[in-house]
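Please keep the sequence and the model in view while reading.

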Amino acid sequence: MDSTIHQAGKSAYVIIGPRGATNFAIIKGAGGAAVLIDADIRRIDEVEEALRLTGCSEVKYLVNTHEHFDHTSGNFYFRRRDIPIVASVGCAGAMRDEGGPDFVRMMKPVAELYDRFPGLSLTLPDVVFSERTTVTLPGVTLYLEYRAENGHSHSKGDTTLYFEEEEIFIAGDLLYTEVHPVTFFGNIPNWLTALKPLVQNHYKQLVPGHGPAVEGEQAGRSYFKKMHDYLEDFYGNLKEIESGRKSQEDVAKHMLSGAYAGLGKTRMVERNINHFITGRWF
Ligand SMILES: [Zn+2]
């Protein structure tokens, strides 16, 4: 597989998606049972291979950090095996109310998966919480916290996880490292507010939704700050397009140069701008 397995702790692994594709995390309890965090049906073989390579005997829970297809389309696969799927009420609500058309749209290029997984469809989480909850395995305590400021930040379901025993913080898509974020499902002002308390968080390893994991709190803080500054700058520029002071091309050029020149997933910039301006899908 193109992705790499990053060992974030003694019993924590992250499947780092290639070129900024989605990350999935595996937290392994004493005895080999595991909590899987996010799964994409298009990459289910990678997830299975990673579970095998990390010596996990079974998945006890699947957690969805938020509702987006690349984090939740694997739900169907695990529901078939009666594995509980944990997510925020916000995530479950967004999937119920808006997830159907998005699922169909995302499946179009990979329609062969309907043959491989008969009945494949949007599958909602079945264990939901509103503000916070705890998921445990022997030797593992995971604190889940709902972080979608005013109900809508990067998404409507944004949840972070903290693995207490190994001091690992999993930020979901509130944080992207080394790649341009996807903002077109989000509310940027709320996202900026949601990021503020995260800058103060404690951890030894930080896991973003996309991009490489980060070692240590100091480096982590600088990534949270970069994320915040990126979104603030981008939002200011979107407002300039709206008021006619800047063109879409000017803003795209700005977001692809200077401090942002090295970021991957550059195609997201144009999509983010287009969606903000037109409200339409690209
Ligand atoms: Zn997302």
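Two strands count as paired if DSSP finds at least two bridges between them. Helices (H or I, at least four residues) and strands (E, at least two) are DSSP runs, numbered from the N terminus. This is a predicted model, in which local features need pLDDT of at least 70 and side-chain atom pairs count only at pLDDT 80 or more, while totals for chains, interfaces and linings use all residues. Residues are numbered from 1 along each chain as its sequence is written, and side-chain values use heavy atoms, with hydrogens and water left out.

- Strand β11 (residues 168-176) and strand β12 (residues 205-210) run parallel to each other and pair over five bridges.
- Across this pairing, Phe 169 stands opposite Leu 206 in β12.
- Helix α7 (residues 217-242) packs on the sheet and touches β11, β12 and β13, where contact means heavy atoms within 4.5 Å.
- The direction of α7 makes about 20 degrees with that of β11; axes are lines fitted to C-alpha atoms, for helices over the stretch in contact, and angles run from 0 to 180 degrees between N-to-C directions.
- β11 and β12 belong to an open sheet of six strands with mixed pairing, in the order β8-β9-β10-β11-β12-β13.
- At the edges of that sheet are β8 (132-137) and β13 (214-215), each of which pairs on one side only.

- Strand β4 (residues 33-37) is largely enclosed by the rest of the structure, because five of its five residues are buried; buried means under 20% relative accessible area, exposed over 50%, and partly exposed in between (1.4 Å probe, protein chains only).
- Both faces of β4 are covered, with Ala 33, Val 35 and Ile 37 buried on one side and Ala 34 and Leu 36 buried on the other.
- Strand β3 (residues 24-28) pairs with β4 in the antiparallel sense over four bridges, and Ile 26 stands opposite Leu 36 in β4.
- The hairpin of β3 and β4 has four residues between the strands, and Gly 31 there takes a positive phi near 100 degrees.
- Strand β5 (residues 58-63) pairs with β4 in the parallel sense over five bridges, and Ile 37 stands opposite Val 63 in β5.

**Pockets**

- On a 1 Å grid over the protein atoms alone, a cavity is a set of points where a 1.4 Å probe fits but cannot get out, and a pocket is an open set with protein on both sides within 12 Å along at least five of seven lines; lining residues have an atom within 4 Å of a point.
- The largest pocket holds about 630 Å³ of space; grid points are joined across faces, edges and corners, and a volume is the space filled by probe spheres set on the points.
- Its lining has 26 residues, and Arg 42, Met 106, Lys 265, Arg 267 and Met 268 lie nearest the centre.
- To the lining of the largest pocket, α2 (69-72), α4 (89-107), β11 and α9 (267-278) each supply at least two residues.
- By class, the lining of the largest pocket has 10 nonpolar, five polar and 11 charged residues; Ala, Val, Leu, Ile, Met, Phe, Trp, Tyr, Cys and Pro count as nonpolar, Asp, Glu, Lys and Arg as charged, and the others, Gly among them, as polar.
- The second largest pocket has a volume of about 340 Å³ and is lined by 21 residues, of which Glu 67, His 68, Glu 98, Asp 102 and Phe 185 lie nearest its centre.
- α4 gives the largest share of the lining of the second largest pocket, seven residues.
- The lining of the second largest pocket divides into eight nonpolar, eight polar and five charged residues.

**Cavity**

- The count comes to one cavity of 30 Å³ or more, and the largest cavity has a volume of about 60 Å³.
- Among the residues that line the largest cavity are Phe 24, Ile 37, Asp 38, Ile 170 and Val 207.
- β3, β11 and β12 each give two or more residues to this lining, and the largest share, three residues, comes from β12.

- Asp 38 has a positive phi near 70 degrees although it is not a glycine, and its place is in the loop between β4 and α1 (44-53).
- Asp 38 counts as buried, at 3% relative accessibility.
- Arg 19, also not a glycine, has a positive phi of about 50 degrees, and its place is in the loop between β2 (12-16) and β3.
- Arg 19 is exposed, with a relative accessible area of 68%.
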